[in-house]
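Welcome, and please keep the viewer open while you read. This short briefing takes you from the whole chain down to single residues.

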Amino acid sequence: MEAKEENPKFVGFPFKPYSIQIDFMNALYQSLNQGGVSMLESPTGTGKTMSVICSALQWVLDRRLHQEDACANGNVGSVGSDDEPDWIRDFVVNKNPEPKERKKKTENKKEKLLSLLGKPYNNNNKNSRESCKDKTAERGCESLQKRIDVVDSDNKEFLLEEYESEDEKVLGTSVLSKRKTIKTDFSSSSEDEGDDEEEEEEEEKKFKVYFCSRTHSQLSQFIKELRKTVFANEMSVVSLGSRKNLCINEEVQRLGNSTRINERCLELQKKKKKEAIKVKNLKVGAGACRTKASSGCPMLSKHRAQQEFKNEVSEQGPLDIEDLANLGRTMGTCPYYGSRSMVRRADLVVLPYQSLFSKSSREALGLTLKSNIIIIDEAHNLADSLICMYDSKITLLQLETVHHHVERYFVRFRNLLGPANRRYIQTLMVLTRAFLQVLLNEKDGNLIDSCNDIDQASEESRASDFTMAMNDFLFEQNIDNINLVKLLKYIKESNIMHKVSSYGEKLATLEKISTVDNIREHGEEGSCLSAFQALADILLSLTNNDDVGRIIISRSKSTSLKKQSGYIKYVMLSGERIFSKIVDEAHAVVLVGGTLQPIEETRERLFPWLPPNQLHFFSCGHIVPPDSIMPIAVTRGPTGRSFDFSFSSRSSPDMMRELGLLLCNLVTVVPEGIVVFFPSFDYESKVYQNWESSGILERITKRKRVFREPRNNMDVESVLKEYKDTIYTLSGLNSEVNQASHGGAILLAVVGAKISEGINLSDGMGRCIVMVGLPYASPSDIELLERIKHIEGLRNSKLPENPSFSANYDLYSGSVQGGFDILRSCSHRGKEYYENLCMKAVNQSIGRAIRHINDYAAILLVDTRYASDSSKRSFAHPITKLPQWIRDRLVSSSINYGEVHRLLHQFFKLKKTGCH
Ligand code: SF4
């Protein structure tokens with residue numbers, strides 16, 4: 001029987017909740033009862049995070065209580081009854097593992113214990129097989145040793161151990177028998193190492209909640225809110241982060257880049273294991289005693305310190321990534337592995353998207369989704385965020401690096417390698433050569449030349465980007481007969497990446513070529529290990545189904561600004577299968593966001609198999625009163641010129657000047673901070689230069705200081721701090737004189753950049769948000785066009801103007817016009833997706849303001865396209881995609897600027913009097 005919670009009480013809510021918060025909590029609670037997929041929408045600033053915490057965790061506590069009652073009342077026998085929801089059946093079944101499973105567990109434990117005592121585990125069946133293997137292994141070792149002996153002692157460490165896959169039954173080594181247990185799934189994230197063989201398995205908590213969001217700062221915010229509730233003491237919580245965020249080994253951290261940090265950490269773990277095996281052998285063979293303190297990472301050498309770390313985390317309550325890193329530093333033990341080992345017994349796991357959505361990361365972290373709850377925050381762009389995680393790319397420089405190093409390695413060691421190693425290395429060389437040929441234009445030159453002829457109209461240099469279906473790509477390069485799954489297994493199990501890279505580094509040192517200089521010159525591309533990882537990533541992508549992704553080939557080109565290296569990129573186009581695996585396992589998946597519209601698009605792209613009536617959707621209004629918001633569609637500037645920021649008109653000096661004049665007027669009526677969102681950095685620069693030369697900037701700065709969003713994310717914080725300080729000092733909130741002259745500041749920001757995506761512009765920081773035009777993505781973006789075509793179902797269609805090209809290629813001129821042609825050829829879904837993308841960006845940006853119940857702001861949507869006669873509004877009109885609470889108040893008929901000014905003046909006057 002489905003649990004009915006007609007009026008669940010949310011006693012954990014630390015304040016008196018508003019009615020919309022109660023509605024939201026009830027909706028989430030009911031969604032968890034029902035299971036499946038839900039989408040819950042609540043505008044930013046409505047206490048959404050707190051509502052999520054108090055409803056979801058209350059549900060978990062209630063369910064556990066319910067289970068305990070059921071067990072105490074002896075209702076266990078009724079398990080399996082058709083009336084019970086899945087989660088009840090799963091729970092009770094799991095409580096009583098099958099005898100076989102129990103036996104296996106006991107055997108494993110016994111085996112571990114005996115091996116710790118140095119005694120053999122007497123399992124007869126297994127023994128006979130193992131002893132057989134051992135003999136083969138011994139023979140394999142002997143032959144390996146003979147070959148190693150002929151290598152000079154300096155190069156021994158680079159020689160690959162003998163390799164045997166399922167097909168290579170020639171030789172066997174003791175290492176091989178161990179290798180057989182390695183998962184066949186290849187991890188591109190380098191996350192799948194077995195570091196926890198010594199960990200005693202802890203009982204997995206039932207009804208675990210996984211809360212995931214896009215950024216670490218959003219997760220920190222979640223932890224802060226959680227700490228305000230009673231659940232902070234009642235639930236066991238763990239935050240998961242990447243090594244880049246949690247590594248405290250300074251030498252490793254100094255590497256700076258995520259891939260290198262991951263690789264180095266794994267290398268250290270491998271060294272530790274090898275050293276441990278050596279020590280064990282020494283002990284058995286000669287009774288010698290040796291310390292292993294020099295091996296592995298020193299931050300992970302003491303088991304007791306890890307245990308104490310876990311105890312301390314449990315003691316201190318919910319900690320965010322920064323807290324965990326600090327605690328690890330204080331205690332001198334690794335917080336990355338410390339937090340990972342707490343997952344099993346956690347009630348709530350707080351983690352970034354990447355850790356949850358990537359299958360290999362889930363496996364490495366030991367995340368079990370079965371019958372658990374997944375809450376995905378900031379889900380407004382989930383389909384695109386999800387597929388981007390599965391993209392992979394290798395540059396020309398990286399290909400050259402791998403090819404060069406593999407070739408040199410092969411030349412040096414070919415006579416010492418076994419047949420399997422030789423064969424796989426040769427295959428790798430064939431592959432890298434084929435990829436290089438594509439980028440160096442050694443094949444199909446005619447095809448590209450013909451493209452160049454046509455592309456006379458292209459803005460910059462020559463057209464050289466084209467896309468292909470995955471199978472076509474493999475076929476064209478004559479590599480369709482290579483078994484990539486086996487090759488990936490070989491790369492993973494043989495350790496070839498490290499052997500080749502370290503041999504390459506050694507040669508470079510001998511030749512006095514510093515790899516550090518190489519990395520400095522070319523960034524991460526200069527590292528052989530990173531290049532090899534990029535190759536493995538793209539090979540992994542090529543094992544996907546043909547219909548879910550596309551290959552983009554971009555050849556080197558010179559533009560007026562820079563020389564761009566060529567690359568091969570795999571872009572994932574469909575997240576449906578990735579998401580279905582998650583939905584199939586979990587009890588409930590809840591998508592939460594400030595605005596999740598359009599629901600239908602998300603459903604079609606992520607869970608099309610789900611009938612619309614089985615998708616639970618809830619949306620609530622804003623907590624701010626309607627008179628705290630003043631949204632206006634501004635169609636004309638102060639001189640009466642109509643605002644048109646479409647691609648063809650926005651760069652006209654008149655349009656930029658009119659926008660400047662609008663700002664000159666706004667600074668006289670809007671108090672404190674104004675944030676102006678531009679569609680791109682390039683356009684913002686153009687406008688700024690225009691205002692600078694025309695004297696408009698000077699007029700604006702007489703009233704408000706002007707700040708600009710920096711392109712580099714690292715610099716955003718300092719600019720924001722100065723912007724905020726300026727508002728609160730120049731506006732002089734306590735000074736009547738300054739209030740009269742308004743003061744304050746203007747921040748010129750960019751849609752899609754850091755400020756628009758996650759910065760809180762509450763109160764004086766954002767009294768007025770100005771959205772300049774409709775920020776459509778550039779139609780020259782080749783990846784975007786591929787997504788549009790996929791959504792539209794145009795995957796194999798050709799550009800209308802290029803009918804003569806090879807059946808397997810889609811060529812792109814890189815011109816905006818070509819993109820528009822594709823958009824024009826879309827009938828509905830592709831176009832709709834393109835428009836939705838734009839309006840989601842608008843909603844994200846304007847949602848930065850009005851962050852709490854007493855906040856207020858004006859929102860100006862500057863473009864004629866925002867205004868329309870409400871009776872004539874079609875489904876696709878931009879206004880229909882605004883959040884309901886803004887749409888309801890929008891002044892959208894064409895009014896002149898005088899009217900806009902009057903409305904603003906009235907709005908801020910009322911708010912000012914209301915505040916005093
Ligand atoms: S074990 Fe921890 S501290 Fe050591 S290198 Fe790895 S992540 Fe860094």
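The points below are grouped by topic, starting with the overall picture.

This is a predicted model, in which local features need pLDDT of at least 70, side-chain atom pairs count only at pLDDT 80 or more, and totals for chains, interfaces and linings use all residues. Residues are numbered from 1 along each chain as its sequence is written.

**The chain as a whole**

- The secondary structure of the protein chain comes to 38 helices and 20 strands; these are DSSP runs numbered from the N terminus, with helices being H or I of at least four residues and strands being E of at least two.
- Of the 916 residues of the protein chain, 41% count as buried. A residue is buried if 20 or more other C-beta atoms lie within 10 Å of its own, exposed if 12 or fewer, and partly exposed in between, with C-beta atoms placed from the backbone.
- Among contacts in the protein chain with a separation of 6 or more, 80% are between residues 24 or more positions apart. Two residues are in contact if their C-beta atoms, placed from the backbone, lie within 7 Å.

**Around the ligand**

- C247, C265, C297, M299 and C334 come nearest among the 13 residues around the ligand; a residue is near a molecule or strand if its C-beta atom, placed from the backbone, lies within 6 Å of it.
- The elements giving two or more residues to this shell are α11 (258–286) and α14 (335–340).
- By class, the shell around the ligand has eleven nonpolar residues, one polar and one charged. Here Ala, Val, Leu, Ile, Met, Phe, Trp, Tyr, Cys and Pro count as nonpolar, Asp, Glu, Lys and Arg as charged, and the others, Gly among them, as polar.

**The seven-stranded sheet**

- Seven strands form an open sheet with parallel pairing, in the order β3-β4-β2-β5-β12-β1-β13. Two strands pair if DSSP finds at least two bridges between them.
- β3 (237–239) and β13 (616–619) stand at the edges with a single partner strand each, so one side of each is left without a neighbour in the sheet.
- On average, neighbouring strands of this sheet are turned by 15° against each other, direction ignored.
- Strand β1 (residues 36–41) and strand β12 (residues 588–593) run parallel and are joined by six bridges. M39 has L591 in β12 as its bridge partner.
- Helix α7 (residues 216–227) lies across β2 (209–213), β3 and β4 (348–352), and runs at about 155° to β4. Axes are lines fitted to C-alpha atoms, for helices over the stretch in contact, and angles run from 0 to 180 degrees between N-to-C directions.

- I374 lies in strand β5 (residues 373–376), and I374 is buried, with 23 other C-beta atoms within 10 Å.
- I374 and L591 are 217 residues apart in sequence, yet 8.5 Å apart in space, C-alpha to C-alpha.
- Leaving aside neighbours within four places in sequence, the contacts of I374 are Y210, L356, L369, I582, A586 and V589.

**The six-stranded sheet**

- An open sheet of six strands, also with parallel pairing, has the order β14-β20-β18-β15-β17-β16.
- Its edge strands, β14 (629–634) and β16 (705–708), each pair on one side only. The twist from one strand to the next averages 15°.
- Five of the five residues of β18 are buried, so β18 is largely enclosed by the rest of the structure. C768, V770 and V772 point one way from β18, while I769 and M771 point the other way.
- Strand β18 (residues 768–772) pairs in the parallel sense with strand β20 (residues 857–862) over five bridges; M771 stands opposite L861, and V770 has L860 as its bridge partner.
- β15 and β18 run parallel and are joined by four bridges, with V676 partnering V770.

- Helix α29 (residues 681–694) lies across β15 (673–678), β16 and β17 (745–750), and runs at about 140° to β17.
- Helix α28 (residues 653–669) and α29 pack at an angle of about 75°, with their axes 10 Å apart. That makes α28 roughly perpendicular to α29, a label for angles of 65 to 115 degrees; angles under 35 count as roughly parallel, over 145 as roughly antiparallel, and the rest as oblique.
- P653, M656, R657, L659 and G660 in α28 meet K686, V687, N690, W691 and S694 in α29. This contact of α28 with α29 has five nonpolar, three polar and two charged residues.
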